[in-house]
Amino acid sequence: MKSLVAALLVAALAERGPVVLAEEPRLPSAATTQSLTLRDCITRALANNLDVKIERLNPQIQTWGIIREQGAFDPALTGSATYTDATEPLSPERAVALGVSSIDSQTWNFNSGLAGKLPTGTQYELTAFDARNEGTLAPSAVHVGFAGLTLTQPLLKNFGLGANTAQIRVARQNKQIAEQAFTRQVINTVSDTQNAYYDLVFAIEDHRAKSEDLNRARALLEDNRKRVQVGVLSRLDVTQAEAGVAEREEAVIVAERAIKDAENALKRLISQDVTEFRGVSLVPTDQPPVEMQELDAARSINTALATRPDYRQQQHEVEKQGILVKYNRNQLWPQIDLTSSYGFNGRGGSFGSFTDNVGSGDNPEWSAGVIVSIPLGNRQARANLRQSRLQEEQALLTLKRLEQQIIVDVDNAVGQVATNLKRVDATRAATRLAEESLKAEEEKLRAGTSTSFLVLQAQAQLAAARSAELRARADYDKSLVELARSEGTTLERNEIKLAE
């Protein structure tokens, strides 16, 4: 294919005349470059990446969800004061008996209470009532009231800690799920940043390799022109060299664009406003070495099942559904509540004497009873229970599916690491052989036993081998990143600890 392209370029260039060589690829000026290590990029990503910032809020939101559910046990203090001024007309008979035509009354009612609920389901209410009456029938003010405690204890439905703290435990599971989702987002962000960094390293190295190939083609062109002038070579050799230069210039242009695309991908990950890097070229300073890694698929799978946040997230989902199943099972019971109250009545001509009378305990009042409520049909509770059981089964199946996916992911990741390491060795050997082949072809050209076309072919083979080697090295580094991601050990390997 490359031979056909080169031949077509030779024919086209022969028609339009000599090629005007492009200038040497210019590197960005020092004022528009910024050197970054991989650690710098990861730090920036964790501080600025918008996806991380968004996901970081969810655990905080769920924390307030726990507090909201705990608020069901907060006591409520109540109080009221009302004043009533009434005039009641009397019947003629009663008017004659009392000696007045109507009865006037002025009444102050004071109510206060403290009510709440305990985690066992017990509802309590402390109440105090005071009515101050004054009027036609009570020329002097009279205080009448009550102070006491009322308790209501469910015996079946809503009985015990399990039923009454279910929503708190669900909220705690939701927080755990949100924390694992945040951890997963951090892992993905770190992994994506590493991959983008390695892609940028590859793009720059690939551009350098293609620029070297262009320089070799230019040197061949200049040498051929000199040889044509002294009559050693034909004009066709110059045209072939010009075609080779043009082809490599196009490859350099494409490589320059690849650098920009890789830079933009990295900029998006490490900043919350990509315009801050507008006009700035990123220069990675870390050159990750290709090192042999010990691989053990079974150990990696066990590690993944113990640490991967998506797996732990689904485990919390299963626990949450189990809590809801138990709660909804409790809601099937009829409402049978035992209620009781105990207090003291009081009476006095003043508030002080009234409170003394109540506090003396001379006028007790108590009651006890049972309140029964049996829903007929109870379809809502039965539907909720059935639905929660199905959701629990679904969560368990999802967990099993995720477990299988993790096994496949880890096995594939381990295989990719091994494969890419072999690719590195193979492409390194291919590059070395391509270099030797090019040197031999250049020597033959100088001896007059080869052609410019064959030299250009050897140069293209070397450029392709060099790019393949660089790609294999980058893919090896990225496969290690993906292995850590599939194991859930990305944060540990990069010494990243998430604050509570």
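Helix H7 and helix H12 pass each other in a right-handed crossing (right-handed if the near helix is turned clockwise from the far one by less than a right angle, left-handed if anticlockwise). This comes from a predicted model, in which local features need pLDDT of at least 70 and side-chain atom pairs count only at pLDDT 80 or more, while totals for chains, interfaces and linings use all residues. Residues are numbered from 1 along each chain as its sequence is written, and side-chain values use heavy atoms, with hydrogens and water left out.

Helices (H or I, at least four residues) and strands (E, at least two) are DSSP runs, numbered from the N terminus. H7 covers residues 235–270 and H12 residues 452–487; their axes come within 9 Å and cross at roughly 20 degrees (axes are lines fitted to C-alpha atoms, for helices over the stretch in contact, with angles from 0 to 180 degrees between N-to-C directions). On the H7 side, Asp237, Gln240, Ala241, Gly244 and Arg248 meet Ser452, Phe453, Leu456, Gln459 and Ala460 of H12 (contact means heavy atoms within 4.5 Å). Sorted by class, these residues come out as 4 nonpolar, 4 polar and 2 charged (Ala, Val, Leu, Ile, Met, Phe, Trp, Tyr, Cys and Pro are nonpolar, Asp, Glu, Lys and Arg charged, and the others, Gly among them, polar).

H12 also packs with helix H11 (residues 379–446): here the axes come within 7 Å and cross at roughly 160 degrees. H11 and H12 are therefore roughly antiparallel, and this crossing is left-handed. The contact of H11 with H12 has 20 nonpolar, 9 polar and 12 charged residues.

Then there's the sheet. Its 6 strands are laid out as E2-E3-E4-E5-E7-E8, open and with antiparallel pairing (two strands pair if DSSP finds at least two bridges between them). Strands E2 (76–89) and E8 (364–373) sit at the edges, each pairing on one side only. On average, neighbouring strands are turned by 15 degrees against each other, direction ignored.

Strand E7 (residues 335–348) is joined to E8 by 10 bridges, and Leu338 has Val370 as its bridge partner in E8. Leaving aside neighbours within four places in sequence, Gln335 touches residues including Pro154, Ile371 and Ser373. Helix H10 (residues 351–360) lies across E4, E5 and E7, running at about 130 degrees to E7.

Note on methods. Angles under 35 degrees count as roughly parallel, over 145 as roughly antiparallel, 65 to 115 as roughly perpendicular and the rest as oblique.
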